[in-house]
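Please walk through this structure with me, from the whole chain down to single side chains.

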Amino acid sequence: AEQSIQIANSAESEDLLPEKDDPTSGMATADALEAKGLKRKAAAAAQMASLRHSTKQKLVGQWKDRVTLYSLCCHLTMQCLRSFVGKCTQQGLDHDSDRDE
């Protein structure tokens, strides 16, 4: 029973670690870690730029719709004012012609 339960010494425990976690392997050099970090930063920056672009596109679309609505409202308001002024002018002319007779 004692032979099946053994505590590994420090040399054996290093051999049990996967190669990628071994700090002495070539994959864990400072340059590789720095490159990996830079790639992650670049990917995060690209994702943020994409999100900003899509947000700007949505805002532009919303403002385009608002401008279209405001333009239509101004057009209708001007038509109403034109109609109102025309009616007032006609009523004034009719009132003046009634007074002359």
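Start with a definition: a residue is buried under 20% relative accessible area, exposed over 50%, and partly exposed in between, with a 1.4 Å probe and protein chains only. L59 has 43% relative accessibility, so L59 counts as partly exposed. This is a predicted model, where local features need pLDDT of at least 70, side-chain atom pairs count only at pLDDT 80 or more, and totals for chains, interfaces and linings use all residues. Residues are numbered from 1 along each chain as its sequence is written, and side-chain values use heavy atoms, without hydrogens and water.

Now take the whole chain. The protein chain has two helices and zero strands. Both are DSSP runs numbered from the N terminus: helices are H or I with at least four residues, strands E with at least two. Of its 101 residues, 1% count as buried. Its accessible surface is about 9,700 Å², and carbon and sulfur atoms hold 59% of that. The area comes from the Shrake-Rupley method with a 1.4 Å probe.

Back to L59. L59 sits in helix 2, residues 30–100. Together with W63 and V67, L59 makes a nonpolar surface patch of about 310 Å². Such a patch joins nonpolar side chains within 5 Å, from residues with over 30% relative accessible area and no salt bridge. A salt bridge puts a side-chain nitrogen of Lys or Arg within 4 Å of a carboxyl oxygen of Asp or Glu.

R66 lies over the face of W63, 4.8 Å from the ring centre. The rule asks for CZ of Arg or NZ of Lys within 6 Å of the centre and within 35 degrees of the ring normal.

Last, the cysteines. How many disulfides are there? The count is zero. A disulfide needs two cysteine sulfur atoms within 2.5 Å. The closest cysteine sulfur to that of C73 is in C74, 7.1 Å away, so the two are too far apart for a bond. C73 is partly exposed, at 39% relative accessibility.

Note on methods:
Patches are made of residues with over 30% relative accessible area and no salt bridge: like charges are joined within 9 Å, nonpolar side chains (Val, Leu, Ile, Met, Phe, Trp, Tyr) within 5 Å.
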